[in-house]
Amino acid sequence: MTQPLAIDVRGLTKRFGQKLAVNGVDIAVPEGEVWGFLGPNGSGKTTTIRMLCGLLSADAGEGTCLGLDFRKQSETIKRQVGYMTQRFSFWEDLSIRENLDFVARVYGLPNRKMKVNETLEQLGLVKRQHQLAGELSGGWKQRLALAACMLHDPRLLLLDEPTAGVDPKARRDFWDEIHMLSGNGITVLVSTHYMDEAERCDRIVYILNGNLIARGSVAEVIADAHLFTFLVEGDGVRALSQKLRGAPGVEYAAFFGAALHISGRDRDALARALEPYRNTPGLHIEESQPSLEDVFIHLQEQAT
Amino acid sequence: MSAILRFFRRFSAARVGAVLMKEFIQMRRDRLTFAMIIGIPVVQLFIFGYAINLNPRHLPTAIAIDDPGIFARSLTASLRTSDYFQIVKATNSPGEARRLLDEGDVTFVVEIPENFTRDLVRGAEPQLLVETDATDPGASSYALAAINQLATSALARDLSGPLAMRSATNPPFDVVVHRLYNPESITQYNVVPGLLGVILTMTMVLITSMALTRERERGTYENLLSMPATPLEVMIGKIVPYILVGYIQATLILAAARWVFGVPMLGSLTLLSLTLAVFIAANLGLGYTFSTIAQNQMQAMQMTFFYFLPSILLSGFMFPFDGMPAWARVIGEILPLTHFLRIVRGILLKGNTALEIWPNLWPLLLFMAATGAVALARFRRTLD
């Protein structure tokens with residue numbers, strides 16, 4: 001038996017004037033999974049998420065969100081979805097407690113006080129509950145926002161770049177939290193620019209200029225790209241990058257830290273382009289498994 | 001000296017130019033603001049330039065004639081041809097004329113008593129009774145000055161032949177003026193209750209015009225929309241607190257009116273507080289509508305002022321309502337402040353009852369319903 005789908009939409013389309021922001025996107029997320037939503041800025045991630053939770057009306061497309069028609073029953077869907085906006089969108093001139101209390105009231109939660117107290121305790125913010133939300137640091141704001149989205153026990157979480165501008169430790173904690181929620185059966189669709197976050201997802205989808213162009217597990221997406229990558233490290237590697245760019249077989253050359261990644265779909269051509277530098281002293285060349293980022297840069301380069 | 005030199009050495013015209021250019025570009029980008037900066041002064045110049053008249057003419061007048069004689073007819077005829085008076089009602093019942101004055105339908109009642117002609121012919125110096133609504137003392141002063149002159153010259157033609165000697169005694173009758181509701185013509189009696197309406201208009205519209213605009217500017221609007229609150233729920237929730245604020249303001253102003261300015265309060269304060277609720281809600285509804293339109297707080301503020309100016313100038317607060325041309329009165333009749341001024345002056349100074357203020361209460365209710373409906377229709381449930 002296949003797992004029921006939390007999100008099952010086909011042909012999702014949104015137009016802003018002349019611009020096609022989202023073009024016939026199909027997404028099917030099984031319940032309880034964590035899906036990563038990747039793509040460059042302006043590729044349509046936020047628009048897609050907003051359509052799923054009823055904040056934007058779709059120009060075309062059909063399907064269900066939590067078993068409900070996402071176009072007609074958006075009000076019912078809203079009650080079961082937790083949506084975390086890209087920019088902190090709780091009230092900065094309300095205290096932490098007042099923000100949680102407001103959300104609990106709007107959703108009409110029973111045992112409101114208890115629920116808010118519990119949440120404050122889980123967050124570890126009991127002592128700071130009367131502090132204004134605007135005074136919190138980026139990491140705390142994001143934790144508060146997640147807690148507020150979770151207050152009404154949604155079955156589906158839509159997170160729009162939740163970890164942008166958050167420090168590495170806070171990011172890790174945040175992802176541990178997401179995995180814990182997923183363990184409790186909550187479905188998560190999270191957009192991100194971070195590869196390490198993408199690798200923590202069950203599946204990823206990659207959207208570019210409104211088109212969904214890759215999907216699957218990280219390994220599948222990498223395999224589907226049919227990409228070969230060589231790593232070049234050592235003295236004079238910076239000068240080499242200029243020479244290799246545009247060489248036959250080299251589709252792109254990019255630095256990852258100190259290492260230069262040379263990628264292309266034709267392995268032999270790539271090897272030939274690197275051949276003249278094989279024996280340069282101090283330069284170290286080896287073939288490597290392409291990373292997810294290699295694949296994404298490749299996909300983006302291909303499109304331009 | 002060296003400080004000045006240093007100042008000029010540090011000063012860079014190029015940097016001023018950079019800031020200048022940036023401001024011009026930003027000014028041009030915000031089309032609505034730019035259009036308002038250019039358009040509003042022009043519109044207002046013409047509206048107010050033509051509408052405001054400090055020497056109001058065509059004041060609505062009722063005449064109560066209890067005398068069929070020739071002099072009464074002459075007087076009526078000359079009142080009719082006069083610029084100052086617009087006879088809207090001719091009756092033989094002084095009671096009915098007085099009721100029109102109470103309800104604010106007329107500003108003047110000219111009462112020609114029984115046997116006016118007879119007494120005049122006999123040389124008995126009959127009385128010509130003029131009652132005027134002095135709630136706004138300024139509105140009727142010119143017309144009052146005119147009426148003596150008018151009456152005397154109107155009768156001059158008739159007082160010929162054997163009666164010519166009657167016109168020599170100048171005037172041949174006694175013009176008795178009753179300044180009703182405000183017999184001492186105290187300006188505060190008119191202005192202070194009026195300020196109640198003006199201040200409420202200003203603050204209520206301004207506060208609510210920011211209601212949604214602020215949420216939109218701060219990015220919390222998206223969050224609010226993603227929650228299961230309906231537009232009506234949001235609107236009521238955002239408006240009700242300010243009804244309370246409005247009541248606090250009203251209480252302060254009325255207390256000052258009573259104990260500082262000594263404004264008489266003849267009518268029912270309960271009735272006044274009920275109409276206050278409607279008036280406050282009407283203004284909040286309008287402000288809320290503005291906030292569904294304005295993209296930023298700057299625009300919300302401009303809309304508020306665009307509304308506030310005609311409210312002050314065309315409502316009868318600053319200038320006599322009856323002195324304005326018909327088209328300006330039509331604009332004035334739409335404004336809630338116009339009706340509220342009549343109500344508050346009516347209740348406080350004239351002791352008006354619910355029945356008497358009803359003609360001005362239903363326009364307020366209508367305005368409130370209309371702005372509420374527009375605001376709800378404009379409230380977007382999505383970010384489209």
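Leaving aside its neighbours within four places in sequence, which residues is Thr201(B) in contact with? The views below come from a predicted model, where local features need pLDDT of at least 70, side-chain atom pairs count only at pLDDT 80 or more, and totals for chains, interfaces and linings use all residues. Residues are numbered from 1 along each chain as its sequence is written, chains are lettered from A in the order in which they are written, and side-chain values use heavy atoms, without hydrogens or water.

**View 1. Thr201(B) sits in helix α9 (residues 187-209) of chain B.** Helices are DSSP runs of H or I with at least four residues, strands are runs of E with at least two, and both are numbered from the N terminus. Thr201(B) is in contact (heavy atoms within 4.5 Å) with Phe279(B), Asn283(B), Tyr307(B), Phe308(B), Ser311(B) and Leu337(B), leaving aside its neighbours within four places in sequence. Thr201(B) is buried, with a relative accessible area of 1%; buried means under 20%, using a 1.4 Å probe and protein chains only. A polar atom of its side chain lies 2.7 Å from the backbone oxygen of Gly197(B).

**View 2. Helix α3 of chain B covers residues 31-51.** Look for the bend of about 30° at Gly39(B), with Pro41(B) following within four residues; the angle is taken between axes fitted to the seven residues ending there and the seven starting there. Among the buried residues of α3(B) are Met36(B), Ile40(B) and Phe48(B). The buried residues pack against α14 (297-314) and α15 (326-334) of chain B.

**View 3. Strand β6 (residues 81-84) of chain A runs parallel to β7 (residues 156-160) of chain A.** Four bridges join them, and two strands pair if DSSP finds at least two. Gly82(A) stands opposite Leu157(A). Val81(A) and Tyr83(A) point one way, Gly82(A) and Met84(A) the other, and all are buried.

Notes: Expected span 1.5 Å × (residues − 1). Buried < 20%, exposed > 50% of the residue type's maximum accessible area, 1.4 Å probe, protein only. Polar contact = N/O pair within 3.5 Å; in protein donor to acceptor, adjacent residues only side chain to side chain.
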